[in-house]
Each structure stands twice: as structure tokens, then as C-alpha cells.
Amino acid sequence: MGYLAALELQERLVETKQRGSSVDMLLFVEHPHIYTLGRGGKESNVLSAQDVPVCRTSRGGDVTYHGPGQLVVYPIIDLRSKLRKDVHRYVRNLELSAIRTLNDFGLASTRRPPFTGIWIGDNKIAAIGIAVRRCITFHGLALNVNMDLEPFRRINPCGYPGLQMTQLASLGGPGEVQQVGDEFTPLFVTHFALAARPAAGAA
């Protein structure tokens with residue numbers, strides 16, 4: 001799904017949820033090639049966009065790259081009922097869900113406070129940039145599965161010059177985005193104490 005289309009969908013779901021008329025949910029997508037700049041991101045961190053579009057967006061954080069082969073997770077969650085409006089705890093749990101997903105694939109990863117995201121050694125494998133509107137979350141997590149990492153070299157990822165990115169497929173992990181999403185889902189549900197619900201029309 002295109003980035004702007006996914007953002008429009010999230011905006012609609014947030015508005016619906018603010019009216020109290022929908023359940024918590026996770027959106028899983030892959031995006032076509034795009035650089036996104038967070039609210040406070042510096043345009044100077046886009047070194048050479050070339051043919052990749054650049055989009056200013058409403059999440060936190062600086063610049064990152066999205067492309068095919070990357071699992072992007074957008075939780076639409078009401079923090080009033082789940083985490084008592086604790087945004088920092090929400091981010092920690094989102095990180096922990098990714099860490100345990102990687103662990104299940106035999107990859108040891110870690111946080112690096114005060115920075116957000118997930119590292120394996122000195123390389124970053126997942127970026128996190130969230131937004132919260134009237135206690136409803138959107139935007140989220142981008143986990144590199146099996147993608148072209150070259151576009152990351154044309155930016156300062158997350159605003160850090162020289163930051164190296166990695167991915168599951170390069171480290172012996174799975175190369176299928178859906179497989180990683182299937183592993184991530186129950187771990188996220190456990191951490192956020194959500195009831196797993198089948199998608200509409202699912203068997």
C-alpha cells in the first residue's frame with residue numbers, strides 16, 4: 001500500500017476509534033519506495049533522495065526509508081484503557097514485541113536507550129516512530145525483513161550519520177514478510193493484553 005494511502009486509512013481509523021466505535025487493531029503493510037521525515041526531522045538528513053519520494057509526516061523521529069521487503073506495523077490502540085495513557089510504556093512494549101519476535105528467529109537484539117528502535121550489534125534492524133492523538137496511537141514500527149538496504153545509505157537514518165542498517169534475511173532469519181508478521185502478532189497481543197480477533201471474513 002502506498003504510504004499516503006496507509007496514512008489516510010490510519011487517520012480514518014483513529015477518528016472512528018475516538019468515537020468509541022471500533023476495537024484495537026494492527027495494520028501490517030509493505031510500502032513502495034519512500035523516505036519519510038518525522039515532525040522534527042531535518043531535511044538535511046536526506047543526503048541524496050534521487051528517484052525516491054520524500055514525505056513529511058506526523059510521526060515522531062527523523063528520516064527513515066520504507067520499501068518492499070520491510071514489515072511496517074501500525075497499531076491503532078486506545079491508551080486510555082490499555083496503558084493508562086503511558087506513551088513511554090507503549091513504546092517499550094512495542095520494542096519488546098519486536099525483540100521477542102527476533103529472538104524467536106534466533107536473533108539476539110536490544111534497545112539502546114534513550115534512542116528508540118532495535119539493534120543487532122552495531123546495526124539497526126527496526127525503527128519506531130509513533131503518533132498519539134487524543135490517546136489513540138498510530139504510525140508505529142518498521143522492521144527490515146528482506147529488502148534493498150542501499151537507499152538507507154542515501155540518508156542519515158533516524159538522524160544519525162553513518163548508522164548502518166541490517167535485516168533478518170542477511171542474518172539467517174526468514175525472508176518472508178508475512179511469516180514475520182505472523183510471529184509478531186501473538187507476542188504483541190500478549191504484551192498489550194489484547195484479545196486476538198480474526199480479521200473480517202477470515203475462516
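This section describes salt bridges in a predicted model, with attention to the accessibility of the residues involved.

Eight salt bridges are present in the structure. One of them joins Asp24 to Lys17, with the closest N and O atoms separated by 3.0 Å. Both partners fall below the 20% limit for buried residues: Asp24 is buried at a relative accessible area of 18%, and Lys17 is buried at 5%.

Another salt bridge is formed by the side chains of Glu43 and Arg56, with an N to O distance of 3.9 Å. This pair connects distant parts of the chain, 13 residues apart. Glu43 is located in the loop between β2 (34-37) and β3 (54-56), whereas Arg56 belongs to strand β3. Glu43 is exposed, its relative accessible area being 59%, while Arg56 is partly exposed, with a relative accessibility of 41%.

A further salt bridge involves the side chains of Arg112 and Asp122, for which the N to O distance is 3.0 Å. Arg112 is part of strand β6 (residues 110-112), and Asp122 sits in the loop between β7 (115-120) and β8 (123-133); the pair therefore ties together parts of the sequence that lie 10 residues apart. Arg112 is partly exposed, with a relative accessible area of 31%. Asp122 has a relative accessible area of 61% and is therefore classed as exposed, the cut-off for that class being over 50%.

Notes
Residues numbered from 1 in each chain as written. Predicted model: local features only at pLDDT ≥ 70, side-chain atom pairs only at ≥ 80, totals over all residues. Heavy atoms only, no water. Salt bridge = Lys/Arg side-chain N within 4 Å of Asp/Glu carboxyl O. Buried < 20%, exposed > 50% of the residue type's maximum accessible area, 1.4 Å probe, protein only. Helix = DSSP H or I, 4+ residues; strand = E, 2+ residues; numbered from the N terminus.
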